[in-house]
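Open the model in your viewer and keep the selection tool at hand. The stops below say what to pick next and what is there.

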Amino acid sequence: MTIDTFAVPTGGDEPYSPKGYGCVERSSKGDPHAPSPLTVTSDDILQVKGSDITFRGKALRLRGACLGGWMCMENFITGYPAHEHQMRAGLLKVLGRDRYDFFFDKFLEYFFTDADAAAFRDMGFNMIRLGVNYHHFEDDMNPRVFKYGGFKHLDRVIDIASPPHALPDKGECARHGIYSIVDLHALPGGQSSDWHCDNPTDKALFWVHKDFQDRAVFIWEHLAEHYKNNPWVAGYNVLNEPLEETGVILNAVMARLEKAIRAIDPYHILFWDGNGFGSDFRDFKAPLPNSVYACHDYSTMGIPNNLEYNGTPEDKARLEQSFTWKSEYQRGIGGPIWNGEFGPTYVDPSENSDHEAINNRRYNLLMEQLRIYDSYPNVSWTIWCWKDLGTCGLFHVDTDSAYYKLIKPFLQKKKASLTT
């Protein structure tokens, strides 16, 4: 019997099946979680006009954070060992199906609540990037059967940010007025070789097996169908941080995904990350219609074991040069610029006596990056990330909490292994 480590109870009137992969096979019966029909036009949804992201002709700057570690878990964010699929398999073995399902249903629920959305808006943010793992919507051992239960928590957070049946100019209906970007952070086969796409190998097999690409098209067709009438979805981040050696396959896959999505949803913006983890656009061709191209502007000066940022003219020039290079394609085509991920990491005060000085330098680096982005008239951004254990999140877990005390021995063991 196959085991689905991503199945969650869906609630409501849809039956939940614990058998097989834990999902009801409804791919031919439509979306049981679909919101009520809402007639929208391109005027109701954000659009690319020249160098700007616009709403009804008015240019917008979208600023916010990424909800990392939630529907695409990463071990440094929440503290568990291994890749997400490995950790889930371990917990399923220990807890059993019922307790496992309950735990992850509540984990996804409590990770982002109305209080988070209120805090998000209080910080002046108007966009959240929602990274999701494809496993929530399809199983490797049961491909091309769509798991509609994956919408349960994704819809919930989008609805918390802004209800789907209120147009963006109807302020009395919007709870927090935050746009969402649906980010397929992990794709079948792995679009890169790294942990953040839950890749069980060291090969980006998505690019060399057409079946993986077919399944990505299948998933995006369902996502587009589900959200095509939602004006609070800013758009779709189709391929998070691709790593494709030739550039040729990447362009072909992008064209295929764009065609498939546009056949269903002609209006929403498509957000495309650069190659090489969002940094390299040299092989990109003519821009696709109603698309925004996204760089990820991490600085090595904000990461351990590199030269530290000291605010010198040379340091500031390095930051400027990095963003100038990563946004060259966008400026060349005269389009909007979106920086999908950036930000430094911070030092745990309990582990370094010089933590205050180091963290101040990294905070100053962040402030300089924001100054650079503000110097452009059309840069939108989402910082990485909203919350974590204290590495790079805007909020972090209380070290006196029961959760932190439970995982602390493992965190210490993990850090010791990295320094030996």
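The model is a predicted one.

Stay on helix 11 and show the side chain of aspartate 374. Aspartate 374 meets the side chain of arginine 63 in a salt bridge, at 3.1 Å from N to O. Arginine 63 sits in strand 4 and aspartate 374 in helix 11, so this pair ties together parts that are 311 residues apart in sequence. Which of the two is buried, and which is partly exposed? Arginine 63 counts as buried, at 14% relative accessibility. Aspartate 374 is partly exposed, at 43%. Arg61, Arg63 and Asp374 form a network of salt bridges.

Move on to strand 4, residues 63–66.

Zoom in on strands 4 and 5. How many bridges join them? The number is three, and the two strands run parallel. The bridge partner of alanine 65 in strand 5 is isoleucine 128. As background, strands of a sheet pair through backbone hydrogen bonds, in parallel or antiparallel fashion.

**Helix 5 and its cover**

Next, select residues 151–161, which make up helix 5. Eight of the 11 residues here are buried, so helix 5 is largely enclosed by the rest of the structure. Colour the buried ones: Phe151, His153, Leu154, Asp155, Val157, Ile158, Ile160 and Ala161.

What covers them? Bring up the neighbours in turn. Among the elements that cover the buried residues are helix 3 (97–111), helix 4 (114–122) and helix 6 (210–227). Strand 5 (127–133), strand 6 (179–186) and strand 7 (233–237) also contribute.

Pick isoleucine 160, a residue of helix 5. Isoleucine 160 is buried, with a relative accessibility of 8%.

The structure holds 23 salt bridges. Two more are worth a stop.

Go to helix 2, residues 84–95. The side chains of arginine 88 and glutamate 84 meet in a salt bridge, at 3.0 Å from N to O. The two residues are four apart in helix 2, so about one helical turn separates them. Are these residues buried or exposed? Arginine 88 is buried, with a relative accessible area of 0%. Glutamate 84 is buried as well, at 1%.

Now jump to helix 3 and select lysine 106 and glutamate 109. Their side chains meet in a salt bridge, at 3.1 Å from N to O. Being three residues apart, they too are separated by about one helical turn. Lysine 106 is partly exposed, with a relative accessible area of 25%. Glutamate 109 is also partly exposed, at 26%.

**A cysteine pair**

A disulfide needs the two sulfur atoms within 2.5 Å. By this rule, the structure has zero disulfides. Cysteine 385 counts as buried, at 0% relative accessibility. Cysteine 392 is buried too, at 8%.

**Step back**

Finish with the whole chain in view. The chain has 12 helices and 13 strands. Of its 420 residues, 55% count as buried. Take the contacts between residues at least 6 apart in sequence: 70% of these join residues at least 24 apart.

Technical notes
Residues numbered from 1 in each chain as written. Predicted model: local features only at pLDDT ≥ 70, side-chain atom pairs only at ≥ 80, totals over all residues. Heavy atoms only, no water. Buried < 20%, exposed > 50% of the residue type's maximum accessible area, 1.4 Å probe, protein only. Contact = heavy atoms within 4.5 Å. Pairing = 2+ DSSP bridges. Salt bridge = Lys/Arg side-chain N within 4 Å of Asp/Glu carboxyl O.
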